[in-house]
Amino acid sequence: MAFFTNDNLKLAYLDEGRREGPAVLLLHGFASSVKANWVDPGWIETLGDAGFRVLAFDHRGHGASDKPHEESAYPPQRMARDAVALLDHLSIDRAALFGYSVGARIAASAALDAPDRFPALIFGGLAFSMVEGVGNRTAAIADAMRAPSLEQVTDAWGRTFRAFADYTGADREALAACITASHSELTREEICRIEQPTLIAVGTKDDLAGSPEKLAALMPNAEPLSIEGRDHMLAVGDRTFKEAVLRFLEDHRNRL
């Protein structure tokens, strides 16, 4: 992976696919990485084979990027500026923006801040929870990251993310700061201002994301997608999800 710099942080990125094709920028989920969220499930290959230029980067606090421990580094609006900075770094005017889980929340912030740069949007793994929140799960996951060991974590979601962080060798203090600061909700008024065509995709067994139909109902140009039989972790690589994304991008290719 190559690197670019924004906000005094060094961030790792990937630039694959057809260079002359329309660009798609991918934003991975919490505690994940470009490799885990996009390379291993086949998204880079799928989008590249469809003729797109595929961009992705490890969020601050994740993967091969710098990992500040201060919560002030991780508000979604601040993380969204990393997406714009990568387009600037590569001299790309605009790109479809595809975020999964917390990446969808960051994508929504970027869409509000720079609508001309991101003319088509895909939110995966996060829907109405952008507005109503996820209850005490954020604090439970942060506590799990800071626990001395996985054995001392009792919350189910905390155990899931802590086990994944241990498996990948992540910086758990950076992740705790990120989960605490990056999960601020968007208001209904902000969601209503997202006018770009948007696909909102959530697994039918995902009890973290919230309703895609309820989020789409707030937006002027959004369509919901239910990914049958998939939970939050398994929806990302689903074949029907990929097919729907390719159809959506093809429908809006002239905007990119």
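Visitor: Is A80 buried or exposed?
Guide: The model shown here is predicted. A80 lies in helix 3. Residues count as buried when their relative accessible area is under 20%. The value for A80 is 3%, so A80 is buried.

Visitor: Which residues does A80 touch, not counting residues up to four places away in sequence?
Guide: Helix 3, which holds A80, covers residues 76-89. With residues up to four places away in sequence left out, the residues that A80 touches are I106, S109 and A110.

Visitor: At what angle to strand 1 does helix 3 run?
Guide: Helix 3 lies across strand 1, strand 2, strand 3 and strand 4. Relative to strand 1, the direction of helix 3 is at about 120°.

Visitor: What is the order of the strands in the open sheet?
Guide: The sheet is open and has 8 strands, with mixed pairing. From one strand to the next, the twist averages 20°. The strand order is 1-2-4-3-5-6-7-8.

Visitor: Which residue in strand 4 stands opposite L27?
Guide: Strand 3 spans residues 23-27 and strand 4 spans residues 53-57. The two pair in the parallel sense over 5 bridges. Opposite L27 stands F57.

Visitor: Which residue in strand 6 is the bridge partner of F98?
Guide: Strand 5 and strand 6 pair in the parallel sense, over 4 bridges. Within strand 6, the bridge partner of F98 is I122.

Visitor: Which residues of strand 6 point the other way from L121 and F123?
Guide: In a regular strand the side chains alternate between the two faces of the sheet. In strand 6 (residues 121-124), L121 and F123 point one way, and all of the residues named here are buried. The other way is taken by I122 and G124.

Visitor: With which side chain does the side chain of R53 make a polar contact?
Guide: R53 has its place in strand 4 and, at 14% relative accessibility, counts as buried. Beyond its neighbours within four places in sequence, R53 is in contact with several residues, including E16, P22, L90 and I92. The polar contact, at 2.7 Å, is with the side chain of D15.

Visitor: What is the phi of D7?
Guide: Most residues other than glycine have a negative phi. D7, found in the loop between strand 1 and strand 2, is not a glycine, yet its phi is positive. D7 is partly exposed, with a relative accessible area of 32%. Its phi is about 55°.

Visitor: Is S91 buried or exposed?
Guide: S91 is another residue other than glycine with a positive phi, near 55°. The loop between helix 3 and strand 5 (96-100) is where S91 has its place. The cut-off for exposed is over 50%. The relative accessible area of S91 is 65%, so S91 is exposed.

Visitor: How much space lies in the largest cavity?
Guide: Rolling a probe the size of a water molecule over the atoms shows where empty space is left. A search of the whole structure finds 1 cavity of 30 Å³ or more. The space in the largest cavity is about 110 Å³.

Visitor: Which helices each supply at least two residues of the lining of the largest cavity?
Guide: Among the lining residues of the largest cavity are F30, S101, R105, I141, H183 and L208. The helices that each supply at least two residues of this lining are helix 4 (102-113) and helix 6.

Visitor: Against which helices do the buried residues of helix 6 pack?
Guide: Helix 6 covers residues 137-146, and its buried residues include T138, A140, I141 and M145. These buried residues pack against helix 7 (156-168) and helix 8 (172-181).

Visitor: How far apart in space are L208 and S101, C-alpha to C-alpha?
Guide: L208 is in the loop between strand 7 (198-203) and helix 10 (212-218), and at 10% relative accessibility it counts as buried. Both L208 and S101 line the largest cavity. They are 107 residues apart in sequence, and their C-alpha to C-alpha distance is 9.1 Å.

Notes
Residues numbered from 1 in each chain as written. Predicted model: local features only at pLDDT ≥ 70, side-chain atom pairs only at ≥ 80, totals over all residues. Heavy atoms only, no water. Pairing = 2+ DSSP bridges. Axes fitted to C-alpha atoms, helices over the stretch in contact; angles between N-to-C directions. Contact = heavy atoms within 4.5 Å. Buried < 20%, exposed > 50% of the residue type's maximum accessible area, 1.4 Å probe, protein only. Polar contact = N/O pair within 3.5 Å; in protein donor to acceptor, adjacent residues only side chain to side chain. 1 Å grid on protein atoms, 1.4 Å probe; cavity = no way out; pocket = protein on both sides within 12 Å on 5 of 7 lines; lining within 4 Å. Points joined across faces, edges and corners; volume = space filled by probe spheres on them.
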